[in-house]
Amino acid sequence: MNPKAVLEFAAANNVKIVDLRFTDLPGLWQHVSYPIHELEESSFEEGFGMDGSSIRGWAAIHESDMLLIPDPSWYTLDPFTDTPTLVLICDAVDPITKQRYVRDPRNVAKKAETYLAYTGIADKAYFGAEAEFFIFDNIRFDQAQNFGFYFIDAEEGRWNSGREKDNLGYRPRYKEGYFPAPPTDHYQDLRSEMVQTMEKCGLDIECHHHEVATGGQCEIDQRFNSLLKSADGMMIYKYVIRNVAYQYGKSVTFMPKPLYQDNGSGMHTHQSLWKEGKPLFAGDRYAGLSQLALHYIGGLLKHSKALAALIAPTTNSYKRLVPGFEAPVNLAYSRRNRSAACRIPMYSANPKAKRVEYRPPDTSCNPYLAFAAMLMAGLDGVENKIDPGEPLDKDIYDLGPEEMKSVPSMPGSLEESLRALEKDHDFLLKGDVFSEEMLETWIEYKIKNEVQAVNTRPHPYEFALYYDI
């Protein structure tokens with residue numbers, strides 16, 4: 001698409017407002033709106049000025065001026081505004097140098113694709129993320145000097161089975177929400193509306209279904225696409241799901257582990273490399289993989305502890321990534337074992353379907369940073385021919401203590417993962433995809449605003465454990 005086509009679309013749809021979207025460092029969409037007459041063909045080169053100093057993880061106050069440059073390759077009408085509004089995704093650019101802003105997450109994803117082409121290993125990286133989320137009917141939380149609490153309720157939650165009024169039953173049991181038909185699955189129609197809205201916005205959706213947990217855990221799968229387009233798609237996906245639910249008086253969270261003693265939400269990420277239209281992951285090695293694919297897995301496994309800081313980037317992420325459950329904490333690969341970090345799906349013998357499913361990520365991540373980091377880890381494996389070791393095809397629960405010692409695992413906390421990233425990040429700096437400055441900012445932000453903020457606050461359960469000590 002080109003700028004002229006965008007303007008013609010706006011005119012044909014009587015658009016009144018153009019809404020410019022961009023992503024802060026943690027991964028939330030931000031926006032600023034202009035009357036449509038402010039959007040011209042030249043705007044796609046000259047951009048729109050904005051103050052970047054108040055955006056989380058962005059510029060300091062003395063270097064706050066930024067330009068937002070709209071990308072004409074995707075646009076849509078906002079499905080949720082009363083006023084006809086055109087939505088455009090933007091890149092942040094330094095107004096003086098005209099260079100892409102180093103802390104703009106979308107810039108990182110673009111540079112990762114550029115680096116892939118530079119290596120000559122492949123010319124296309126495909127990513128397909130299976131994002132899970134919860135739909136709640138009521139959420140309350142607060143924290144002050146003298147109290148701290150959260151309260152979740154969902155009509156579908158199994159805990160409501162004993163409610164006296166307005167109770168018709170049909171609720172998924174804990175850990176048994178995969179795949180009951182309605183009326184036990186309360187959200188068939190709501191998910192279908194989410195899917196239809198996403199398709200109107202240009203996303204290609206494969207399927208939707210209820211997930212394992214009670215209380216409204218769901219999954220909607222997008223079809224794979226290029227790294228950048230998949231990351232853009234995840235931002236659109238989150239926006240649509242939140243707003244469709246909100247219209248029905250419900251609240252969606254992509255928090256990895258909101259419910260105690262039930263399944264958390266992950267974002268299993270399928271990935272593969274292609275060159276000149278041919279898949280590079282298909283071959284005659286283990287599970288129908290090529291040697292290149294095994295080396296790619298080797299890179300993912302070698303750097304997983306550092307990757308964790310970008311793909312599972314919240315303190316809550318490590319309430320999901322707990323050893324001894326179904327969580328993919330084991331740094332190994334397997335064609336079947338879902339507790340392994342890398343799984344090779346065996347649904348199809350078609351070489352084009354051959355891919356690696358990396359299971360530790362969750363939907364709290366910034367998709368631009370997460371996808372770029374995974375690609376860089378995999379490419380490091382290919383470039384350095386990293387051996388992934390032997391596959392883990394045994395049931396993890398059947399392994400003895402000695403065997404388990406030989407299987408490394410994901411970090412146990414956000415702080416541990418950030419320390420791993422401090423030590424192991426050279427693979428991210430290749431091709432200037434990530435910068436030392438950005439990674440330092442990320443680590444500093446996460447330690448100060450999340451790790452220390454959580455560590456210094458009393459936990460409600462500590463009162464149950466220690467109040468009478």
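Modeller: In α6, the buried residues are Ala293, Leu294, His295, Tyr296, Ile297, Gly298, Gly299, Leu300 and Leu301, where buried means under 20% relative accessible area, exposed over 50% and partly exposed in between, with a 1.4 Å probe and protein chains only. That makes nine of the 12 residues of α6, so this helix is largely enclosed by the rest of the structure. Helices here are DSSP runs of H or I with at least four residues, strands are runs of E with at least two, and both are numbered from the N terminus. Helix α6 covers residues 291–302 and reaches 16 Å from its first C-alpha to its last, close to the 16 Å expected at 1.5 Å a residue; the expected span is 1.5 Å times one less than the number of residues.

Please keep in mind that this is a predicted model: local features need pLDDT of at least 70, side-chain atom pairs count only at pLDDT 80 or more, and totals for chains, interfaces and linings use all residues. Residues are numbered from 1 along each chain as its sequence is written, and side-chain values use heavy atoms, leaving out hydrogens and water.

Now the cysteines. The structure holds zero disulfides, a disulfide being a pair of cysteine sulfur atoms within 2.5 Å. For Cys90, the nearest cysteine sulfur is that of Cys201, 16 Å away, and Cys90 is buried at 2% relative accessible area. Cys218 is buried too, at 0%, and its sulfur lies 12 Å from the closest cysteine sulfur, in Cys207, too far for a bond.

Finally, Glu276 sits in the loop between β13 (267–275) and β14 (278–279) and counts as exposed at 68% relative accessibility. Its C-alpha is 8.0 Å from that of Ala122, 154 residues apart along the chain.
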